[in-house]
Amino acid sequence: MPATFEQIAEQAKARWQALTAGKRPWIRVGYAISGQAAGADGVFDAAIAACNQQGIEAEVTKVGSLGLNYLEPILDVTLPNGPRVFYANVNPDEVAGILTQHVRGGKPVTARAFAQQPAGATAFDGIPKLADLPEWKMQVRLAMRNCGNIDPHDIYQYVASGGYSALNKALTSMTSDQVLNEVKGSALRGRGGAAFPTGVKWSFLAPSKAPLKYVLVNCEEGDPGAFNDKGILESDPHTLIEGLLLAGYATNSNYGYVFIRHGHDLPVNATRRAIQQCYELGLAGKNILGTNFSFDIEVAFTGDSYVAGEETALMEAIEGKRSAPRFKPPFPAAFGLWGRPSNINNVKTIAYVPQIVQNGGAWFKSIGTQSSSGTAIVCLTGHIKRPGMYEIPMGLTIRQVLEDIGGGVVGQKIKLLQTGGPLGGVLGPEAFDTPIDFDAMSKAGAILGSGGIIVGNETVEVVDLIRNLVAFCQFESCGKCFPCRLGNTHMVEVLDRMCRGTGRTGDLDLMARIGSAMKVGSLCGHGQLGYNPISSALKFFGEEFKSRGQTGQKPLGSFHDGSMILPTRTRP
Amino acid sequence: MTTAHHGTSHTGHGGGHGANRDRIKVALTGQKQPTKTVLSSLLAIQDEFHYIPNEAIEETAQFCNSTANEVWSVASFYTNFRFTPPGEYTLDVCWGPSCHLMGAQKILKAVQDKIGLDKEGETPDKKITLRYNTCLGSCGLAPCIAVNHHVTGRVTAESAAQLASKLLGQ
């Protein structure tokens, strides 16, 4: 039922009040894919069962992820008007006990609680505050501000947390040009990897008078090691939808697609539900919030194809074709989806927009560094003590992220980082004082890309890891440009024999030649950057590579026992 | 695969071709989203059958006003499509770089030893389809595997082999 924004906000406030300060306790279980993979299903079921058995009348909610993957599954309890207390690595068997003591007894199980968020001045003794934890206090949570706090399937919880007020502000008090100018003024750069200024990109599309213009959101996210796009969608899809509506308004467009890989059910279902709720409340569709602005939104799927994340390949996939990149020009702003003017942004990019419109472009620009404003949403994985998804201000050094947030290495010492997805690159320890921003990272020889940081300790064999990365690129080449299709296949063969200990003199030169052919002979980044993993690894670990380029070496890495299990495939 | 299929076994590849065609038509016309394409149609059919039956190529071509050639070109491109019925359980083992560093090769080897395969594919009793997956989306809990798209993280070679033998009914 369409309503005014004030009515929606009022209802949201009442519901939030009932959740946090009503009669019933609120029990939340972190249920993003990270929670699920850690066993949150069992924890959630145990919480429901315990409430039934003990006659506890509580609200039990599946929320998204706080990003603290290493602590999952996470269950938290908020008594009415009380602090929110988090329990980590919860085993389903202990849930009943926790709820007996905390909910029925009114006292948290201090020994099992890892943190609390006080309610005003009320806090429990002996439990650290979440805001004081090292991995939390260095974060600046803008796009992730609601992740893990609210039910992603409940639009009212989003509105109660300030949601859709930026949209309301824009539609009722700003022209589309003013919204565009705020985004330009924020100096926001695209978070999908290319780091192109978002406002500038939008200004290519805004002036077009075409009757149908598209805004496309890219959540293909095939990068192994990055899960922040899906992470935002599954934990707080309305942030993205609100940003998309604002992008549509700023560029005078009328149709939006959220593009997700088929099979990722949590982000897909959360996004679809969010869109449906927007239609129900008059926040999407015709005459949004009673204004002249109309905008339709739909989820579009890709099948499994990494290259579908490239912007023109993405349009091919939405059109239902093989996701191979197109020739450019024409650029999407002139000739995009179905030949119509289009704009494409990454999920994270769009997720910042509501805050930018709410607080102003200058505010956003004041966060981060001169060249890269705002925050970076990094995914720490691999040999690190606290793997997870963290939103940090741009400009922290890699070392701060690894040590203060990540808690340091699992093992003796960090040997390397693999950043920015498989095409990104490898960094050695001498680069760890590099600040995390787009330009400093690329100067150091890697890219920030989509924010994946995979940590490898002293046990990692560089050539073996590079073979894994190049095998991924080989498997995922769309096949349109033969230098990429065959070049990757050829490089895997060479890396294979280096790993097997049957490398040949001249192998490194051979790969360099293949790499330069791929760079000039490929339409998109997949081929153009295909040599990156090797060139960046050579920069930091040249000796290891050189020693493999001769016969008589021992097999290494995952080849120790002579086994090697990885697919190779060339698309037909 | 949508939530409705979670935890259920892959069934429904029986029936004659006529029955198949009816189910294909229902899947095609039952697509709720406004934009219907060759790709969305193939995804809808795979959701229903867990593979793309032969007749579906023709039906999709007709439904989308396309050609069998074009439909095949799309179906053969995306690696999630398959053209024979999968086993009862689809077991995805991730070999992306995060999982690779955390021991994916050992997990793959342990699983393959347990189910008697040395590559992707079905076990002879059609209980398990093994797939190598490039990223299951939960790298913070690497290494990961998934059964019918339900992801489990922090697995070891032992726990993965144990899970595989449970799926085999051992």
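Where pLDDT is low, the predicted coordinates should not be read in detail.

What you are looking at is a predicted model, in which local features need pLDDT of at least 70, side-chain atom pairs count only at pLDDT 80 or more, and totals for chains, interfaces and linings use all residues. Residues are numbered from 1 along each chain as its sequence is written, while chains are lettered from A and ligands numbered from 1 in the order in which they are written.

Chain B has a mean pLDDT of 90, with 90% of its residues at 70 or more. For the complex, the predictor gives an ipTM of 0.95 and a pTM of 0.95.

Now follow the chain B fold. There are 7 helices and 5 strands, taken as DSSP runs numbered from the N terminus (helices H or I, at least four residues; strands E, at least two). Their order along the sequence is α-α-α-α-β-α-α-β-β-β-β-α. Helix α2 (residues 38-49) of chain B has the highest confidence, at 98.

As for overall form, the C-alpha trace of chain B spans about 50 × 30 × 25 Å along its principal axes. Among chain B contacts between residues at least 6 apart in sequence, 64% join residues at least 24 apart.

Key
pLDDT is the predictor's confidence in each residue, from 0 to 100. Two residues are in contact if their C-beta atoms, placed from the backbone, lie within 7 Å.
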